[in-house]
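The sequence and the model are shown first.

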Amino acid sequence: MNGLEADDMKQQENRTEEEAEKNTIEQGQDEKQEQARKKDKPEKEKKKGGGIVREIVIYAVIVFLCIMVVPRYVIQRTEVDGRSMMDTLQDEENLLVEKITYRFKDPERFDIITFYPRGDKSEYYIKRIIGLPGENIRIDGDTIYIDGEVLEEDFGREPMAIDPGKAGTQEGVTLGDDEYYVLGDNRNESSDSRDDDESEPTHVGVVKRSYIDGHAILRIYPFSKFGTLRETVGETE
């Protein structure tokens with residue numbers, strides 16, 4: 001064997017050793033990576049499980065807010081029951097009643113409100129505000145007087161032909177600082193502030209501020225009549 005062949009064999013042996021060493025290093029790295037993956041797997045599964053629980057909690061909170069909080073404190077769908085607000089509202093129409101505005105400002109004349117008569121939450125009425133706190137309300141035939149002045153309004157479906165209660169007397173009804181006088185637009189088929197005989201268990205009388213639940217603002221059904229509700233004199237829907 002000459003010197004050249006010996007050198008070639010030596011170089012080949014060196015390459016073989018280097019490759020073996022390289023394979024050993026790579027195998028060690030693969031084993032470490034595999035061990036790291038096995039170690040991380042339970043942690044990832046744990047994190048994944050925690051993420052699912054967190055999502056369930058978030059969804060539960062959203063459902064609770066939609067079912068319990070929003071209808072009570074923000075906005076609520078309500079259905080008209082009866083004819084007392086015709087022709088503005090018809091029986092079985094669906095409305096949206098918002099409950100935020102009156103937390104920051106007082107109800108205004110001609111607002112359509114929902115309220116609990118006598119504070120009785122087993123009943124739920126919808127009427128139009130006619131008289132405001134501190135005002136004197138008097139009804140003479142078909143004319144409504146506010147502090148002795150004729151109230152210009154055109155919401156009544158027809159001339160009033162039923163007993164106006166205390167508002168029909170010479171003294172009329174003077175509202176307290178937290179009281180409102182309400183009427184249905186269908187004046188002859190409405191139980192409202194004119195029903196003020198306190199000996200009757202179903203009387204309505206004046207409506208205290210605390211009895212008011214919300215402000216009806218939008219008709220959402222039937223779809224053909226979708227839109228805001230009329231609260232301005234002379235306005236047409």
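## Basis of the description

The model is predicted: local features need pLDDT of at least 70, side-chain atom pairs count only at pLDDT 80 or more, and totals for chains, interfaces and linings use all residues. Residues are numbered from 1 along each chain as its sequence is written, and side-chain values use heavy atoms, with hydrogens and water left out.

## Overall make-up

Helices (H or I, at least four residues) and strands (E, at least two) are DSSP runs, numbered from the N terminus. In order from the N terminus, the elements read α-β-β-β-β-β-β-β-β-β-β-β-β.

Of the 237 residues in the chain, 33% are buried. Buried means under 20% relative accessible area, exposed over 50%, and partly exposed in between, for a 1.4 Å probe and protein chains only.

Four strands form an open sheet in the order 7-6-5-8, with antiparallel pairing. Strand 7 (149–150) and strand 8 (173–174) stand at the edges with a single partner strand each, so one side of each has no neighbour in the sheet. Two strands count as paired if DSSP finds at least two bridges between them.

Strand 6 (residues 143–146) and strand 7 run antiparallel and are joined by two bridges. Isoleucine 146 is placed opposite glutamate 149 of strand 7. Valine 173 belongs to strand 8 and is buried, at a relative accessible area of 12%. The C-alpha atoms of valine 173 and isoleucine 146 are separated by 9.8 Å, and the two residues are 27 residues apart along the chain.

## Salt bridges

A salt bridge is a side-chain nitrogen of Lys or Arg within 4 Å of a carboxyl oxygen of Asp or Glu. By this rule there are 15 salt bridges. In one of them, lysine 225 pairs with glutamate 93, and the closest N and O atoms are 2.9 Å apart. This pair links distant parts of the chain, 132 residues apart: lysine 225 is in the loop between strand 11 and strand 12, and glutamate 93 in the loop between strand 1 and strand 2. Lysine 225 is partly exposed at 30% relative accessible area, whereas glutamate 93 is buried at 3%. A network of salt bridges links Glu93, Arg219 and Lys225.

Glutamate 153 forms a salt bridge with arginine 187, with 3.1 Å between the closest N and O atoms. Glutamate 153 lies in the loop between strand 7 and strand 8, and arginine 187 in the loop between strand 9 (179–183) and strand 10 (207–208), so the pair ties together parts that are 34 residues apart in sequence. Arginine 187 is buried, with a relative accessible area of 2%. Arginine 194 and aspartate 192 also form a salt bridge, their closest N and O atoms being 2.9 Å apart. Arginine 194 is buried at 3% relative accessible area, and aspartate 192 is buried at 0%.

## Surface patches

Patches are made of residues with over 30% relative accessible area and no salt bridge; like charges are joined within 9 Å, and nonpolar side chains (Val, Leu, Ile, Met, Phe, Trp, Tyr) within 5 Å. Accessible areas come from the Shrake-Rupley method with a 1.4 Å probe, and for residues only the protein chains shown count as cover. Lys and Arg count as positive and Asp and Glu as negative, while His and the chain ends are not counted. The place of a charge is NZ of Lys, CZ of Arg, CG of Asp or CD of Glu.

A patch of negative charge on the surface gathers Glu79, Asp81, Asp91 and Glu92. Aspartate 91 lies in the loop between strand 1 (75–79) and strand 2 (94–98) and is partly exposed, with a relative accessible area of 39%. Val74, Ile75, Ile100, Phe104 and Ile217 make a nonpolar surface patch of about 420 Å². Isoleucine 100 is located in the loop between strand 2 and strand 3 (112–115) and is partly exposed at 37%.

## Backbone geometry

The peptide bond from methionine 86 to aspartate 87 is cis, with omega near 10°; aspartate 87 is in the loop between strand 1 and strand 2. Tyrosine 221 and proline 222 are likewise joined by a cis peptide bond, with omega about 10°.

Phenylalanine 110 is not a glycine, yet has a positive phi of about 80°. Phenylalanine 110 is buried, at 10% relative accessibility.
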